[in-house]
Amino acid sequence: MRVWLATISLVFHAIGWQINLMQVYLSFESIKLLITTNAMRIQQSAVLIIGLILAAANSMAGAAAPAEQSFIQLVPTAASRTADDAPTAESLALTPFTGLDSFTADLSTPPADLWERIRNGFAMAELNSKEVRRSENFYASRPEYINRIVERSRRYLFHIVEEVERRGMPTEIALLPIIESAFNPTAYSRSHASGIWQFIPSTGKNYGLQQNWWHDDRRDIVAATSAALDYLQNLHRMFGDWELALASYNWGEGAVGRSLTRNRNNGLPTDFRSIRMPVETQNYVPRLIAMKNIISNPAAFGIVLESIPNQPYFKQVETTQHIDVKLAANLADISVDEFNALNPAHNRPVINVNGSRTLLLPVDKVETFTANLENHDKPLVSWQAYQAKSGETAEKISARHGISVARLREVNSIARHGKIAPGQTLLVPLNGSSDGMDISVMRNMPAERKILERSLVYAVKKSDTLSIIAKRHGVSVAQIQSWNSRTERLAIGQRLVLKQITSGKTRLAKAPSKKPAAPAKKSSVVLANADKYGR
């Protein structure tokens, strides 16, 4: 009986009751009858209490346990379920306890909303500054602008997040196209940066982005995303800090490196907040952090963030044949606008395939495209290469091939008053004529215009600032500084060297709104189709 008393005392102690064993023993005779008549109830209570204790212990250790392991509870066996029998060790059996299953989170299930997935991957340090607050106010006061960005991003964002996570990068990086281009795939800056990641020509080439008459891979969603993340990872390895890496992406690693060296030589801090930068770069990282803050808690800023499904929007399809853009869209049962939004790298109405070319199509349209392509028994191309003859004008060639003069000039990137030279190769419609050639002969046509650079000296006037001068002359502040030994303060009468870049007359000159002319540092974005995209 002393053993029973000890057992009961331990059970009561486990739930916070303090029992004096000596007092219980002395009064045992007075409660013997109570214990005898209620032995089963006490047994069941003890078993329940011990089971709860074990369950709690299992719950605390459950995070480290495999998902298939269950809790354990102690219950009486069938042979022990009489009021007169005292519990024994043999009368207790181990059975699985599933009562807490509903409280166990399934961490393996990905969030249904892509924004939630992005929030879970935020890893950059907080930045509390007036620049961040100003940018938050800017975006929060323009909910329609945010809605346009979200609508454009839904085509591309899942792929970008996948790539960012695969590389172990913070998911703030996936938001960078918001700052660079507002997810406009045809965004083009006055410094000739192009695409959602805003690559300038030289950096694009350094990271394998082809730029020719037929296509500009700086606008290719998959290729440019891979190149941008490669570039950012290299910058992070170079500076060991994401804020400095992002500043370098905007301003250039050389400029950031020189600013760091200057601070280091002067015994000054070498973090992002301490180095001297152009105003644009000073605001660049804060704008990204402001957008991160809004995505983290849109309701706090009065923003209703439209959900984006956490699933692929497009799938890559390889094609080995030339094909009209319009026909490709029809075969996939999508609009030409949708096709161009997914494949913005193509400059012409026909896709010239050199070996193979990847097309992006909505996931639910891939089978449709494949089946329709297999059953298509007509030519895939309605264009041909035509070599202009001596004396032929745009008007004559247009009439001959059933195309308007304006369309002929547009397709071939011929300036409004540009002349067509004898022997010049043009892209014209087939229209049943056989005087042309397969478009493969135009495969190696270059994209770049002949670059003419002219320098001039500008005398600073009263009220001039670098921003005013840059805007007046169609250049960036960073360019002016690079041409004038990092000039930051101006004095009346000070002489600045400015460079103006123009294009000479060439047979394949491209319209300024479509193609970059010369390498330059990145600057603020100017959208080529601002009205079309509502920015």
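Rings of Phe, Tyr and Trp (its six-membered ring) count as a pair if their centres lie within 6.5 Å, with planes under 30 degrees apart called stacked, over 60 edge-to-face and the rest tilted. That rule gives eight aromatic pairs here. The model is predicted, so to speak of its source: local features need pLDDT of at least 70, side-chain atom pairs count only at pLDDT 80 or more, and totals for chains, interfaces and linings use all residues. Residues are numbered from 1 along each chain as its sequence is written, and side-chain values use heavy atoms, leaving out hydrogens and water.

**View 1. Tyr 139 and Tyr 145 are a stacked pair.** Their ring centres sit 6.4 Å apart with planes at 5 degrees. Tyr 139 is buried at 2% relative accessible area (buried is under 20%, exposed over 50%, partly exposed in between; 1.4 Å probe, protein chains only). Tyr 145 is buried too, at 9%.

**View 2. Tyr 207 and Tyr 231 make a tilted pair.** Here it's 5.1 Å centre to centre and 45 degrees between the planes. The partners are 24 residues apart, with Tyr 207 in the loop between helix 10 (201-206) and helix 11, and Tyr 231 in helix 11. Helices are DSSP runs (H or I, at least four residues), numbered from the N terminus. Tyr 207 is partly exposed at 25%, while Tyr 231 is buried at 7%.

**View 3. Helix 12 (residues 242-251) is largely enclosed by the rest of the structure, because 10 of its 10 residues are buried.** Just after the helix, Gly 252 takes a positive phi of about 110 degrees.

How values were computed
Helices (H or I, at least four residues) and strands (E, at least two) are DSSP runs, numbered from the N terminus.
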